[in-house]
Amino acid sequence: MTTVRIPAGWPATEEEARAVQDQLRERVLLDEPGPPPGAGHVTGVDVAYDDERDLVAAAAVVLDAATLDVVAEATALGRISFPYVPGLLAFREIPTVLAALDALPCAPGTVVCDGYGLAHPRRFGLASHLGVLTGLPTIGVAKNPFTFTYDDPASPRGSSAPLMAGDEEVGRALRTRDAVKPVFVSVGHRVSLANACAHTLALTPEYRLPETTRRADSLCRQALKDATSPTP
């Protein structure tokens with residue numbers, strides 16, 4: 001497992017972090033369709049925290065987009081690099097997530113984050129932040145709608161409704177299972193919203209959450225458990 005230090009010059013205050021968001025947000029690309037679902041690789045990233053030990057474990061799991069079989073996986077362990085502040089959570093996770101992605105033995109392809117992209121108060125969630133730093137196409141698939149509003153989609157799988165910030169559509173509430181609570185999809189970087197939803201449906205053949213998220217969640221939790229368990 002890769003061990004990560006907090007990078008030199010990493011933002012230490014809310015003001016510094018928001019300034020970085022403002023600077024990097026200008027580099028988000030929203031006019032590319034992105035890779036087609038079912039082609040190449042698709043990678044899930046997720047993190048698990050141990051706040052008492054000031055540790056965060058990140059996992060990156062690469063799937064074959066056609067079969068959803070695991071192609072490769074990597075983990076990284078680091079210090080929590082920023083306080084808990086809603087809207088600035090990426091600054092707690094990015095260094096360790098980048099290390100996990102860098103440790104992969106193959107190209108990640110499209111990256112799916114357990115969180116937000118454009119559907120973020122400053123329109124720059126983890127998926128957008130990660131996409132800009134890596135240049136990879138990224139998607140945010142969240143369990144909850146943050147502070148945004150939406151009409152309940154129709155019951156059948158594949159139904160969707162706009163996720164709204166006032167008059168602005170920042171994502172979609174997408175039904176991945178019949179009559180089950182939707183997930184909340186938003187563009188991160190270099191992927192259209194329609195394609196992000198298509199990827200999400202391709203990644204949810206059995207469960208509400210994408211296989212990328214499910215696999216990465218399990219792996220980062222195990223990595224944190226292994227790192228914090230007493231040595232025999």
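A crossing of helices is left-handed if the near helix is turned anticlockwise from the far one by less than a right angle, and right-handed if clockwise. By this convention, α2 and α3 cross in a right-handed manner. The model is predicted: local features need pLDDT of at least 70, side-chain atom pairs count only at pLDDT 80 or more, and totals for chains, interfaces and linings use all residues. Residues are numbered from 1 along each chain as its sequence is written, and side-chain values use heavy atoms, with hydrogens and water left out.

**Helix pair**
- The axes of α2 (residues 90-102) and α3 (residues 126-134) come within 11 Å and cross at roughly 45 degrees.
- In contact (heavy atoms within 4.5 Å), residues of α2 including Phe91, Ile94 and Leu98 meet residues of α3 including Leu126, Leu130 and Leu133.
- The residues of this contact comprise nine that are nonpolar, two polar and one charged; nonpolar means Ala, Val, Leu, Ile, Met, Phe, Trp, Tyr, Cys and Pro, charged means Asp, Glu, Lys and Arg, and the others, Gly among them, are polar.

**Surroundings of α3**
- Seven of the nine residues of α3 are buried, so this helix is largely enclosed by the rest of the structure; buried means under 20% relative accessible area (1.4 Å probe, protein chains only).
- The buried residues of α3 pack against α1 (14-25), β2 (41-50), α2, β5 (110-113), β6 (138-142) and β9 (183-189).

**Thr110**
- Thr110 lies in strand β5 and counts as buried at 2% relative accessibility.

Key: Axes are lines fitted to C-alpha atoms, for helices over the stretch in contact, and angles run from 0 to 180 degrees between N-to-C directions. Helices (H or I, at least four residues) and strands (E, at least two) are DSSP runs, numbered from the N terminus. Buried means under 20% relative accessible area, exposed over 50%, partly exposed in between (1.4 Å probe, protein chains only).
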